[in-house]
Amino acid sequence: MKQATPLSWLAGLLLFFLSHVVAADTSTLILTDSQDTVSAAPFMAVLEDPSRQLTLQQVTSAAFDEKFTVNTSQNAPSFGRSRSAYWVRFTLINQSSLKWYALSDAFLEDEYDFYLLSEGQDVTAQYAAPVTNYRRPAWSLALPRAMPLQIYVRATNGDSAFRLPVELVTADAMLERSKQNYRLYAAIYGAMLVLAAYNLFLFFALREISYLSLVVHILAMTAVAHLSNPVFEGIGFLHDTGSHFFTTPLYIAIISFCLFTQQLLQTKYQTPRHHQLLNALIGVCLPLILITGWIPGGTLVVNSISMITMLVLFSTSITALRQGGRIARYFFSIFFFVLFLVAPNVLVLTFNVTHWDVKAFYVTAMPIGHLIFLLLLSVIQMEKVRTLREAMQRTAAANQAKSSFLATINHELRTPLNAITSLGTLLRLTTLTPKQAEYVTQLEQTSQHMSRLMGNVLDIAKIESNSLELQQEPFQLSIVMRQVHDLTNNQAQKKGLSLVFIGHDAIPETLLGDRLRLTQILTNLLQNALRYTVEGSVTCTVQRHATAEPRQLRLSFSVRDTGIGIAAEKLPTIFDEFTQAKPTSNLSQDGIGLGLAISSRLVTCLGGKLAVESTVGQGSHFFFTLPFYIAHTEASVAHQPLCQLPQGIRILLVDDEFMNRLLGYELLSAQGGKVEVAADGQSALLYLQQHAFDVVLLDINLPDMSGFEVLQWIRQHSPNANIPVIALTAHTNADIKQQCLSAGMNGFLNKPSDWQRLCQIILKAVNREDDG
């Protein structure tokens, strides 16, 4: 056998290569009745036109014949991101009796031209017609049998990823594919829109802003998916890949998802650095919405931003996962899901990979994946809201328990405090030596101080639980300032300080507001100033400010002292509970640090803001401004003459506390009253059946029956059903007062109380006057 020479081997290889080139170049697509879908990809040759200026006559000329490159892949040619025009050609012979369509089932929405040539002549109008209102470029073909036809397709794709499939599809296959695609994508988009509507409803129902971010993201992702798989004709303008705002839906999806992640994972508090990164991404995307259309290769920008966003979100989810919590675990799990779905396509689009074929994955799996992902996001959002609701319920229960505890403690403390106050009043009614009178004065001041401390603690609890009720009543500012002066002047005199009030006489109008809370604020501020001032003065100034509303005015209040001042580092926390300036050796640290905290919160409740300026060694300046309406009615007179009960008035005192009964009996008897005492409800009912009384003082908390049950028996069975009944209680809740008055009580009195207030309420009840 003769050995082959190297020259013969080379000739053989050359002949083999040429035979394959000619075979590939002259291969022809043949349509038969046994086929229903045929891809033209294996029969294509491709020509790139960077200028976009070539015409059909030019590309069909002999000069361009050798410039076409044979598509050696079985898949449709992919060109990555390119603004070039591309021509593909292939030869077709129809040996079928079926109706055929030419279809490019790809994302091609810029320019697309289809030509049929026979022996170099353009016969497109004779054998092909474009299919209008179809989701993809398609032509209806009326092909002659056994006639070789050359098909040329020219396409551009703006700035998007460019893939150019051409298929020949029978009428039945075309109809079936259209129905399947329409049903699939219409169902997907319909589900997305329903999901968006559901979350929008929850946003309006719950006022949770994260629901709105999720709604925007769902709509944006629907628009993004619709770009690749259009169904609805009304938003066809979004499919133009050459449009200036072609990338806008994707930017909106990025922005809304960053916002949703911040709100869902509470990144501002849980992962502050990632919160800033997400804010930076949002800040970058907003201007890019407007300018990407002017950037060559602009889709590379948005795809790069998408990839960076995925990395940031992945890092955020890991960080949140490390901190624990169900929401973070759920978010991390579904983020892996979306990462698996989106990453291949983003990599292809970002790095301009032309040899990866992700068509089947992108066309079918991506929209379904989007829907599943958005559905899971909605589930996580509902879980977050459920978790927050449970936390709120636990907080409300804790607040309720705290309020109940404070109310119980308040009741238990006020009962002995009432005895102390009453003992002081009884002592004051006896003949006292100067030394004894001084002791009684100290006793009264101490009990008043304790009462204020208890009131401050309860006010803090009421404000935190949003149960503080403000009163709107007419009052004279001059009377309020006189009361404040009386409450603080003794403290100033003891320390030899000058206490000055300026400006209140210039407000003669009767104001409408909460007189007691204003008195409490000013008293707290003045007492605080006096406590930390060694020498000099404390000045309270009032200044009026006109408003556009003639029935309204604004008053500025300021308290300025010459005390020790407050260090700059202490100012941010000076209004926190239980916070005090560190006293010097010659200053006592009385109080528990609630006065400024209470004052600040009360000023806020009244519509103002308490502020402070201070210099160490020079003093402090507290100031705030409040709005008031001018009342048409006259204010009640604060300083009234000493009250005196009618001689011989018959009083039934019902109280389960022995000291309260003893002191009440002595106090009322000393004023000329005829008093009977009862320790429980049954004893009270017996007294009411056997004796006639002018007024009943009734504790609402009795061991055997409530004061309300006693009241009900009086109104229904007592010989004197209309006898005035005054409720006594150590509870300070405004709801209790309203409950007593609504039940038919003629008056209401908190314990401990002073004699004057008790006398006034008894007289009002006996005279059938309303008790405010």
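This report describes selected residues, aromatic pairs and salt bridges of one structure.

The structure is a predicted model, in which local features need pLDDT of at least 70, side-chain atom pairs count only at pLDDT 80 or more, and totals for chains, interfaces and linings use all residues. Residues are numbered from 1 along each chain as its sequence is written, and side-chain values use heavy atoms, with hydrogens and water left out.

**Asp699**

UniProt lists Asp699, in an unreviewed entry, under "modified residue: 4-aspartylphosphate"; such annotations may be inferred rather than shown by experiment, and the positions follow the numbering used here, with feature names shortened. Asp699 is found in strand 24, residues 695–699. Helices (H or I, at least four residues) and strands (E, at least two) are DSSP runs, numbered from the N terminus. With a relative accessible area of 2%, Asp699 is buried (buried means under 20% relative accessible area, exposed over 50%, and partly exposed in between, with a 1.4 Å probe and protein chains only). Apart from neighbours within four places in sequence, the contacts of Asp699 (heavy atoms within 4.5 Å) are Val654, Asp655, Asp656, Gly707, Leu728, Thr729 and Lys751.

Asp561 lies in strand 19. Although buried, Asp561 has no salt bridge, and the nearest side chain of opposite charge, Arg560, is 8.9 Å away. For charge, Lys and Arg count as positive and Asp and Glu as negative, while His and the chain ends are not counted. The Asp561 side chain does reach the backbone nitrogen of Gly563, at 2.8 Å. Leaving out residues up to four places away in sequence, Asp561 touches several residues, including Gln618, Gly619 and Ser620.

Ile566 is placed in the loop between strand 19 (552–561) and helix 16 (595–605). Ile566 is buried, because its relative accessible area is 8%. Among the residues touched by Ile566, beyond those up to four places away in sequence, are Leu571, Val616, Ser620 and Phe622.

**Aromatic pairs**

The structure holds 13 aromatic pairs. Rings of Phe, Tyr and Trp (its six-membered ring) pair if their centres lie within 6.5 Å; planes under 30 degrees apart count as stacked, over 60 as edge-to-face and the rest as tilted. Trp87 and Tyr115 are stacked, at 6.0 Å centre to centre and 20° between the planes. This pair links strand 6, which holds Trp87, with strand 8, which holds Tyr115, across 28 residues. Phe575 and Phe622 have ring centres 6.2 Å apart and planes at 70°, so this pair is edge-to-face. Phe575 lies in the loop between strand 19 and helix 16 and Phe622 in strand 21, so the pair ties together parts 47 residues apart in sequence. Phe575 and Phe622 are both buried. One aromatic cluster is formed by Phe257, Phe260, Phe331 and Phe373.

**Salt bridges**

Side chains of opposite charge can pair when their charged atoms come close. A salt bridge is a side-chain nitrogen of Lys or Arg within 4 Å of a carboxyl oxygen of Asp or Glu, and the count comes to 10 salt bridges. The table presents some of them.

| Pair | N to O distance |
|---|---|
| Glu167 and Arg177 | 2.8 Å |
| Arg515 and Glu473 | 3.5 Å |
| Glu509 and Arg544 | 3.1 Å |

Glu167 and Arg177 are both buried. Glu473 is partly exposed, with a relative accessible area of 26%. Glu509 is partly exposed at 21% relative accessibility, and Arg544 is partly exposed at 36%. Salt bridges that share partners join Glu383, Arg386 and Glu390 into one network.

Conventions
Polar contact = N/O pair within 3.5 Å; in protein donor to acceptor, adjacent residues only side chain to side chain.
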